[in-house]
Amino acid sequence: MSLRLRISLVILGLMALAQAMFGSAYFILQRRAELADTYNRSMETLRLAAAVCHESSLTDDWTKANSHLSFLREDPTVRYASCTDTKEPIPSGVREFSRYFELKDGSRSRARIGYNNAAVNAAVHSRLRGAIWDMASIASITLFFGLLVALFVARTLTRPIEALAKGARAVGEGDLEYRVPADGREDELETLRARFNAMAERLAETDRMKRNFIQNFTHDLKNPLSGIKACIETLHSGNSGPINGKQRKYLESSLAASERLWDYLDDMLSVMKLQTGRFPMDVQSVETARLLKEAIEGFSIRAENSLITLKVDLSPNLPSVKADEQLLRRVLDNLIANALNFTPREGTITLSAHLRDGQVRVDVHDTGPGIPKDELEEIFENFYQVERNKSRGRTPGTGLGLAVCRSIVAEHGGRIWAESPADGGTRFRFTLPVVYSGNA
Ligand SMILES: Nc1ncnc2c1ncn2[C@@H]1O[C@H](COP(=O)(O)OP(=O)(O)O)[C@@H](O)[C@H]1O
Ligand SMILES: [Mg+2]
């Protein structure tokens with residue numbers, strides 16, 4: 001049950017309880033007042049009856065008394081009314097009110113009125129029923145407004161908590177720049193918000209320091225490495241003296257290793273720069289079809305050597321995209337290189353591009369081992385490599401290529417994702433915003 005619902009229910013429950021208490025108290029008081037009123041009226045009726053009886057006795061004319069008594073008997077709660085005294089016991093279910101009066105000869109008699117208990121109670125209850133209705137209508141109106149107040153209070157209390165939860169999710173998902181906005185309150189929740197933001201700020205600061213360190217470190221490593229590469233290249237070229245076959249082999253593998261290290265540092269630097277938004281972009285209108293064809297042609301020799309078929313399937317009249325051509329080329333190179341790396345001999349790699357929902361969508365589909373469904377998101381994280389595919393790749397990677405791709409595509413306002421199609425292999429897809437001109 002959500003906190004908001006719980007708070008609303010508690011407030012409403014308390015209100016209902018208070019109403020039940022006030023309602024019962026009101027009912028008891030009302031009933032007491034009704035009974036007292038009934039008693040007073042009965043006494044008054046009796047007093048009047050005794051006076052009429054006394055008057056009739058003085059004048060020896062009982063017609064007036066008789067007509068008064070018959071009038072009284074018309075009341076449905078009255079069982080009997082008389083001016084004559086009696087020793088007979090009062091019938092059950094009757095409450096008798098009696099009063100002595102003086103007869104003409106100086107002796108005493110009694111005026112008696114017997115009320116039917118059940119009828120009196122029924123009359124009292126019927127009058128109370130009105131009061132109960134009044135109470136119920138007041139209760140439902142107050143409960144309705146109570147509900148509004150409960151919802152309002154619950155909302156005011158839970159809103160800052162929801163904002164904090166949103167912030168925690170954002171920071172947890174890596175958006176360290178997210179801050180929970182202030183909403184003008186000055187209570188414990190505001191303190192919590194301020195502390196949360198301070199914590200996020202510290203995390204962001206640490207993250208910036210880490211990135212700066214990696215960036216500088218990587219950058220500094222590239223200088224000596226380029227020196228080492230140049231020396232190996234010179235030795236390998238034979239310009240500094242003759243080398244034998246064995247030495248050539250060693251130099252070649254040193255060169256390959258230093259090139260891999262160079263690529264690794266390059267990827268690392270790009271990722272850091274792209275992810276901190278410090279990568280200068282040169283966005284222009286790029287002819288999509290040309291770029292895609294050039295990219296795939298760059299891999300034709302490698303594909304031929306591995307007996308892999310490269311296919312291109314482009315929609316006619318593909319519009320141009322808004323992009324930094326070099327960066328976009330890097331995305332394509334990474335995706336095609338991955339596909340080539342993981343696709344076994346005699347496989348097929350298809351590069352296709354279509355216009356979808358006002359964007360160009362590029363697909364790179366291979367017939368390789370595929371990627372497990374639960375890792376389709378994670379492969380875009382820095383350094384992530386699919387455990388199952390580690391032995392399959394021809395050249396060992398760094399796990400940075402797709403992270404670079406994701407940062408570049410995101411910088412272009414597009415989206416990249418991977419799919420595991422039912423018919424096998426892996427399909428990478430990314431979208432790019434289109435340049436709209438007259439006939440594009
Ligand atoms: N076409 C593909 N087929 C199968 N697995 C792939 C493919 N592309 C990428 N992967 C998996 O995703 C991981 C991350 O790719 P990437 O970031 O390019 O790093 P790298 O290629 O350096 O390992 C790879 O290690 C591999 O496990
Ligand atoms: Mg790669």
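Colleague: Is Asn317 buried or exposed?

Modeller: Exposed. This is a predicted model, and in it Asn317 has 9 other C-beta atoms within 10 Å. The cut-off for exposed is 12 or fewer, so Asn317 qualifies.

Colleague: Where does Asn317 lie?

Modeller: In the loop between strand 5 and strand 6.

Colleague: Why does Asp60 count as exposed?

Modeller: Because Asp60 has 7 C-beta neighbours inside 10 Å, and 12 or fewer makes a residue exposed.

Colleague: Switching to the strands. In which sense do strand 5 and strand 7 pair?

Modeller: Parallel, over 6 bridges. Lys311 has Thr350 in strand 7 as its bridge partner.

Colleague: And how many bridges join strand 7 to strand 8?

Modeller: There are 8, and those two strands run antiparallel. Ile349 stands opposite Asp366 of strand 8.

Colleague: What about the hairpin of strand 7 and strand 8: how many residues are between the strands?

Modeller: It has 2 residues between the strands. Asp357 in that hairpin takes a positive phi near 50°.

Colleague: Now helix 6. Which of its residues are buried?

Modeller: Thr288, Leu291, Leu292 and Ala295, in a helix that covers residues 288-297. Seen down the helix 6 axis, the buried residues fall within an arc of 95°, so they line one face.

Colleague: Why would residues spaced like that point the same way?

Modeller: An α-helix has 3.6 residues a turn, so residues three or four places apart point the same way.

Colleague: What does the face of helix 6 turned away from the buried side carry?

Modeller: The exposed residues Arg290 and Glu297.

Colleague: What do the buried residues of helix 6 pack against?

Modeller: Several strands and a helix. Strand 4 (284-286), strand 5 (309-314) and strand 6 (321-323) are among them. So are helix 8, strand 7 (348-356) and strand 8 (359-366).

Colleague: Helix 8 again, then. What does it give to the shell around ligand 1?

Modeller: The largest share, 4 residues. In total, 21 residues surround ligand 1. The closest are Asn338, Val386, Gly397, Gly401 and Leu402.

Colleague: Which elements give two or more residues to that shell?

Modeller: Helix 8 (325-342) and helix 9 (401-411).

Colleague: How does the shell around ligand 1 split by class?

Modeller: Into 10 nonpolar, 10 polar and 1 charged residues.

Colleague: Zooming out. Which domains is the chain divided into?

Modeller: Domain 1 (3-143), domain 2 (188-275) and domain 3 (284-433).

Colleague: How many residues of domain 2 are in contact with domain 3?

Modeller: From domain 2, 7 residues, and they meet 9 residues of domain 3. The domain 2 side divides into 4 nonpolar, 2 polar and 1 charged. The C-alpha centres of domain 2 and domain 3 lie 24 Å apart.

Colleague: Last one, Ala165. Buried or exposed?

Modeller: Exposed, with 12 other C-beta atoms within 10 Å. Ala165 is found in helix 3 (residues 117-172).

Colleague: How many Å apart in space are Ala165 and Ser226?

Modeller: They are 48 Å apart, C-alpha to C-alpha. In sequence, Ala165 and Ser226 are 61 residues apart.

Notes. Residues are numbered from 1 along each chain as its sequence is written. Chains are lettered from A and ligands numbered from 1 in the order in which they are written. This is a predicted model: local features need pLDDT of at least 70, side-chain atom pairs count only at pLDDT 80 or more; totals for chains, interfaces and linings use all residues. A residue is near a molecule or strand if its C-beta atom, placed from the backbone, lies within 6 Å of it. Ala, Val, Leu, Ile, Met, Phe, Trp, Tyr, Cys and Pro count as nonpolar, Asp, Glu, Lys and Arg as charged, and the others, Gly among them, as polar. Domain bounds come from an automatic or database domain assignment. Two residues are in contact if their C-beta atoms, placed from the backbone, lie within 7 Å. A residue is buried if 20 or more other C-beta atoms lie within 10 Å of its own, exposed if 12 or fewer, and partly exposed in between; C-beta atoms are placed from the backbone. The arc is that of the directions from the helix axis to the C-beta atoms. Two strands pair if DSSP finds at least two bridges between them.
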